[in-house]
Amino acid sequence: MKYQAIGPSGFGTYEVEWVSGSPVFTESSGSADGILAPGLVDIHIHGAFGIDFMSATAAEMVQLASRLRELGYEAFLPTTITATPSDIASALSNLPEHEMMWGFHLEGPFISELHPGAQPVSSITTPGSEWDSILDDPRLRVITLAPERVGVLPLISRLSSRGVAVSMGHSDATYEQAMAGFKAGATHVTHTFNAMRGFHHREAGLAGFAMIENGVYAELIYDRIHVSEPSASLLVRSKPVDKLVAVSDSSRATGLPSGQHITMWGHDCVTTPGQVRLASNGALAGSAITLKDAFQNLAADFGVETAIRACCLSPRLSIGETREPKVWLEFSNGLELREVKH
């Protein structure tokens with residue numbers, strides 16, 4: 001069959017044959033029958049379908065992986081919230097060894113009280129020895145922190161030197177403070193535009209740094225709610241093609257019916273179509289989409305190549321993964337997922 005895909009010669013149309021479960025690409029022309037992409041890799045996901053990593057059992061995490069595989073996921077990084085060392089250690093004790101779970105993402109607790117989002121403010125803190133066992137966990141792949149906080153720059157250097165992807169987010173960093181974090185070893189910006197100092201023409205802030213610095217990966221929650229299409233367009237146009245990383249930031253609300261009142265991370269929340277918000281003030285509390293939804297939104301608004309790179313290829317690169325894809329997705333030209341190939 002002919003597919004739109006990113007093959008040996010870049011994005012284009014290819015005839016594809018399957019050899020031992022892997023695609024062999026031959027350049028072609030004319031109309032494609034569909035879209036072929038490697039499996040989705042989500043480096044920022046808290047949960048879905050009523051399951052939250054912070055409270056889930058190992059069996060529930062396996063159940064979550066099974067549901068995500070049906071949606072085209074190859075891998076994901078279960079993501080914590082800002083919490084005490086004991087609560088995070090408890091969650092990590094239930095993180096199973098599983099082919100789809102490539103480690104974990106520690107979001108917080110070394111973040112800014114000014115931009116907590118739905119993160120519990122009471123547990124925001126600075127680095128200390130009580131965190132060593134978690135920070136030294138070999139399964140730690142990504143950490144989100146605020147570079148302007150006391151004691152964080154040495155931590156960035158310490159973690160980045162052993163291959164942890166350090167991401168700046170939930171931060172009030174100025175452009176210069178973001179640059180200091182980057183020079184210390186930070187390589188990512190967490191959910192760009194959300195929960196951070198915004199762009200201003202006299203102070204570009206962390207949002208401006210994410211757009212200007214070509215060496216940093218920029219996460220994007222593209223549910224069209226967290227970030228509008230024009231703002232996303234600005235980010236897409238400003239980043240190198242391999243530096244945009246789509247994430248779901250999915251919460252346990254994903255997949256639940258609209259209008260449900262749930263407790264999440266100590267907050268009373270309510271689900272609405274495609275989103276979840278704090279009942280107290282209507283603020284967004286994570287997302288209610290999967291990376292498949294983000295793929296379809298990106299492909300519709302910015303093209304298939306952008307979607308494949310941001311959802312399937314760049315997330316792997318951003319955490320240093322070089323393994324060959326084991327899962328392949330076949331979409332119709334109408335962007336419906338037709339088949340997941342293992």
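**View 1. Arg-149, a buried partner in a salt bridge.** Arg-149 has 15% relative accessibility, so this residue counts as buried (under 20% relative accessible area, with a 1.4 Å probe and protein chains only). The model is predicted: local features need pLDDT of at least 70, side-chain atom pairs count only at pLDDT 80 or more, and totals for chains, interfaces and linings use all residues. Residues are numbered from 1 along each chain as its sequence is written, and side-chain values use heavy atoms, leaving out hydrogens and water. Arg-149 pairs with Glu-113 in a salt bridge (a side-chain nitrogen of Lys or Arg within 4 Å of a carboxyl oxygen of Asp or Glu). Their closest N and O atoms are 3.0 Å apart.

**View 2. Asp-301 meets Arg-224.** The closest N and O atoms of this salt bridge lie 2.8 Å apart. The pair links distant parts of the chain, 77 residues apart. Asp-301 sits in helix 8 (residues 291–302). Arg-224 sits in the loop between strand 13 (217–221) and helix 7 (229–238). Helices (H or I, at least four residues) and strands (E, at least two) are DSSP runs, numbered from the N terminus. Asp-301 is partly exposed at 22%. Arg-224 is partly exposed too, at 39%.

**View 3. A network of salt bridges.** Glu-330, Arg-338, Glu-339 and Lys-341 are linked here. One of the contacts joins the side chains of Glu-339 and Lys-341, at 3.4 Å from N to O. Glu-339 is partly exposed, with 36% relative accessibility. Lys-341 is buried, at 16%. The model's count comes to 14 salt bridges.

Technical notes:
Buried means under 20% relative accessible area, exposed over 50%, partly exposed in between (1.4 Å probe, protein chains only).
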